[in-house]
Amino acid sequence: MQKKVYTIAGNRLVAADTYELRLKGEGPAGGEFIHLEIPGYFLRRPFSVCDTFKGGLSILYKVVGEGTRVLSTLPEGTPVNILAGLGKGFSASSCQENALLVGGGLGAAPLYLLAKELKAQEKHVSVVIGFNKADEIVLQKEFEALCDHVTITTLDGSVGIKGFVTDVLKATLLNYDYFYTCGPMIMMKGVCSMLSGHGEASLEERMGCGAGFCYGCTIQTTQGPRRVCKDGPVFKKEEIVW
């Protein structure tokens, strides 16, 4: 865990109530997520790292309360305090040749960084991502420019296939030797139950410290109690007790 002060290099609306926050600082942040301090609020907020670039990183976040509303108003040049180097991420090396990425909503964010890593290893990447409606879609063009096959679903049918990501998994024969998933818990439970073979899921839990000290995000696994922030947030399919 590293405490760093980064500077906002961009904070723009990219979808309905959804923002991309670009942060610049000295040295790589590392880790699967950051714990960000919002001015005026005591508890930090955890955000998955969506992408990295020289001297910085980007996250996607949705305005769901007063804290994230305040975050959305912070202008370029504002210094922000973060805890970085947190969490254990996806294992790209577990995929031999063909990876399947399944996401829901902003669960697409960490999957994009994973997709870049998989493609750097010259692996075939198929992506299925679901949203409620067209104006909530994020990263579609980025995935399409990077990956071999991308399927978008929306619940109202406004873009792509109408329905859930699990509907696509039922109806489509997808070639993969390893899968990765991130999104709502009920979606990931369905994905892990439906897909055969090995895979990993990135879980979400409320976090106090973000570094494993408070045990507030502890879940039960087949290996006993585990902290999502410290032992995860990524767990192998076989470890998860839904």
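These questions and answers cover strand pairing and nonpolar cores in a predicted model.

Visitor: In which sense do β9 and β10 pair, parallel or antiparallel?
Guide: Strand β9 covers residues 124–131 and strand β10 covers residues 149–154. Between them there are 6 bridges, and F131 stands opposite T154 in β10. The sense of the pairing is parallel.

Visitor: What is the handedness of the β-α-β unit that β9 and β10 make with helix α3?
Guide: Helix α3 spans residues 140–146 and belongs to a unit with β9 and β10. The unit is right-handed.

Visitor: Which residue is the bridge partner of T153 in β11?
Guide: β10 also pairs with strand β11, residues 161–162, in the parallel sense over 2 bridges. The bridge partner of T153 in β11 is I161.

Visitor: Which element gives the most residues to the largest nonpolar core?
Guide: That core has 29 residues, and those touching the most other members are L101, L111, L114, L118, L139, F143 and Y180. Two or more residues come from each of β8 (98–104), α2 (108–120), β9 and β12 (178–182). The most, 7 residues, come from α2.

Visitor: Which residues does F143 touch, not counting residues up to four places away in sequence?
Guide: F143 is one of the residues that touch the most other members of the largest nonpolar core. With residues up to four places away in sequence left out, F143 touches A108, L111, Y112, A115, V127, I129 and V150.

Visitor: How many residues are in the other core, the one with V128?
Guide: This core lies apart from the largest one and includes V128, C229, F235 and I240. Its residues number 28.

How values were computed: Residues numbered from 1 in each chain as written. Predicted model: local features only at pLDDT ≥ 70, side-chain atom pairs only at ≥ 80, totals over all residues. Heavy atoms only, no water. Pairing = 2+ DSSP bridges. Helix = DSSP H or I, 4+ residues; strand = E, 2+ residues; numbered from the N terminus. Right-handed = clockwise from strand over helix to strand, strands pointing away. Core = buried A, V, L, I, M, F, W, Y, C linked by side-chain atoms within 4.5 Å. Buried < 20%, exposed > 50% of the residue type's maximum accessible area, 1.4 Å probe, protein only. Contact = heavy atoms within 4.5 Å.
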